[in-house]
2 protein chains.
Amino acid sequence: MIVWVDGEFRAAADAGFGAADRGALLGDGLFETLRFEAGEVKDLDRHLARLQSSGRALGLPDPVEGLDLAAIARALMAHSELDSAALRFTFTAGEGARGLLRAEAPQISRRLSCAPLAPAPQSVRLALTTIRRSPSSPAAQHKTLSYIDNVLARRHAVAAGADMGLMLDTQGHVACADCANIFWLSGERIYTPALNGAVLPGTIRARLCEQFSVEEGEYDLALLEAADAIILTNSLMGVVPVTAVGERVFAANPDWVEAWQDALD
Amino acid sequence: MIVWVDGEFRAAADAGFGAADRGALLGDGLFETLRFEAGEVKDLDRHLARLQSSGRALGLPDPVEGLDLAAIARALMAHSELDSAALRFTFTAGEGARGLLRAEAPQISRRLSCAPLAPAPQSVRLALTTIRRSPSSPAAQHKTLSYIDNVLARRHAVAAGADMGLMLDTQGHVACADCANIFWLSGERIYTPALNGAVLPGTIRARLCEQFSVEEGEYDLALLEAADAIILTNSLMGVVPVTAVGERVFAANPDWVEAWQDALD
């Protein structure tokens, strides 16, 4: 596989992270998962805006300064002989001296890699994890390289026989799935957790909230469990129905899923 | 600088992390900071026990299986021509396919690096950060590669004119400094936050709690602010007095600091 690294296309074996890279050593950086299809990166402007916003929040240089990510993505796809792909943009604070404090002017490092686009799952079973997200933690608000909570939420869920972890915040409000935003239908209304700090501001989430009437708020688990139908959203899967939360079974609502999938095309 | 990587001593330029290493991409791994002095790694057994315990908690293979870390450290010091050093052991879940889920049998990666031992600070000024630690987050309980909260706590503190960030948990209890445990003296009693999940179980903390009478509990910030004296502890600094928490000034208590420093020798 070919990886774009700081201006060069390299074989994966030559595209590693430096021994002193703060991304590798301290999770000091950001990533973005992008869908490439039909010759372009989907929702690229939203992804770029989120990267820039998160970069500012973390006190890092602009992650996409001077980059034409659309062109780099097209060239990477050509090098990789792929038509569609899951792209990953990885941005680190770069190499630095020992310790928590970054250099005054960090020499950032940037990579774009790709993998074949796996088909989205037909449905997802969630299991509630014990890992609760702190609304004041940058690791919960931003797609940082400090992703261990999500890794372990997934691990716990799979051990429990489910597909993905459901995460609450430290106050007990529903936050998200381990790699997706969550929406649910109760009666005539659709709900999703508000961006209170423990919820990643997903690009698909944003598009759907703009196009449809969605109530955003702080909701206890009981409200989710009383839903008529539940869906998850992220850049790679689009919209996918949830068929279980723990032992509780949910019917998919195909009309809702199709309407929202269509809205994203 | 020389780095030990999975059985070989390499130049730092050849000691990087693979492009698909989960440690670099997802913060999926652990690290340990060790003090090498007078021919040996201080408190090595406690560090090894913590690594193994954290490895189990994270569902990772034994981080030190088959390693004689004492011998590797001595050889690294000889290669590096250092007598004393800050060592860093970095353990990652290794290379894997895209996605949150690890391979069934992860091919872990291990590194030991060293840097000259900087003198411990004479004193530390703390600034309270807004980042609160979730007691159920593995990133708070263990010394994981997902360290962005600590990185940003430090950054906020330095921007506020202090040296280190003071972190509370999501319930408002005092947890720790961004890279150290905290103790304080009030009247005749010494207090430290209990290991409730938001506090890293420091090796120096453990030794001091065994040797001295210390009250462990959940304490509000007001109790810390009312202290007569405050100290921080970690493997590299040992015991260091705190002279400020935000605007509030604290006098060092040299008798206490010396007695505890002596107890660690």
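Helices (H or I, at least four residues) and strands (E, at least two) are DSSP runs, numbered from the N terminus. This is a predicted model, in which local features need pLDDT of at least 70 and side-chain atom pairs count only at pLDDT 80 or more, while totals for chains, interfaces and linings use all residues; side-chain values use heavy atoms, with hydrogens and water left out. Residues are numbered from 1 along each chain as its sequence is written, and chains are lettered from A and ligands numbered from 1 in the order in which they are written.

**Relation of the two chains**
- Chain B is superposed on chain A by a rotation of 180 degrees with 0.0 Å of shift along the axis, at an RMSD of 0.0 Å (least squares on the C-alpha atoms of residues with pLDDT of at least 70 in both copies).
- The two copies are thus related as by a two-fold rotation axis.
- Both copies use the same surface, since 100% of the contact residues of chain B recur in chain A (contact means heavy atoms within 4.5 Å).

**Cavity**
- The whole structure holds one cavity of 30 Å³ or more (on a 1 Å grid over the protein atoms alone, a set of points where a 1.4 Å probe fits but cannot get out; lining residues have an atom within 4 Å of a point).
- The largest cavity has a volume of about 190 Å³ (the space filled by probe spheres set on the points, with grid points joined across faces, edges and corners).
- Its lining has 18 residues, and A:S137, A:A139, A:D149, B:S137 and B:D149 lie nearest the centre.
- Two or more lining residues come from each of α4 (138-141) and α5 (148-159) of chain A, and from α4 (138-141) and α5 (148-159) of chain B.
- By class, the lining has four nonpolar, eight polar and six charged residues (Ala, Val, Leu, Ile, Met, Phe, Trp, Tyr, Cys and Pro count as nonpolar, Asp, Glu, Lys and Arg as charged, and the others, Gly among them, as polar).

- In chain A, the axes of helix α6 (residues 203-211) and helix α8 (residues 254-264) come within 10 Å and cross at roughly 105 degrees (axes are lines fitted to C-alpha atoms, for helices over the stretch in contact, and angles run from 0 to 180 degrees between N-to-C directions).
- α6(A) and α8(A) are therefore roughly perpendicular (65 to 115 degrees).
- A:I204, A:R207, A:L208 and A:Q211 of α6(A) make the contact with A:W260, A:A263 and A:L264 of α8(A).
- This contact has five nonpolar, one polar and one charged residues.
- In chain B, helix α6 (residues 203-211) and helix α8 (residues 254-264) pack at about 105 degrees, with axes 10 Å apart.

**Positive phi**
- B:D43, in the loop between β4 (40-41) and α2 (44-57) of chain B, has a positive phi near 55 degrees.
- B:E81 also has a positive phi near 55 degrees, and lies in the loop between α3 (69-80) and β5 (85-95) of chain B.

Terms used: 1 Å grid on protein atoms, 1.4 Å probe; cavity = no way out; pocket = protein on both sides within 12 Å on 5 of 7 lines; lining within 4 Å. Parallel < 35°, antiparallel > 145°, perpendicular 65-115°, else oblique.
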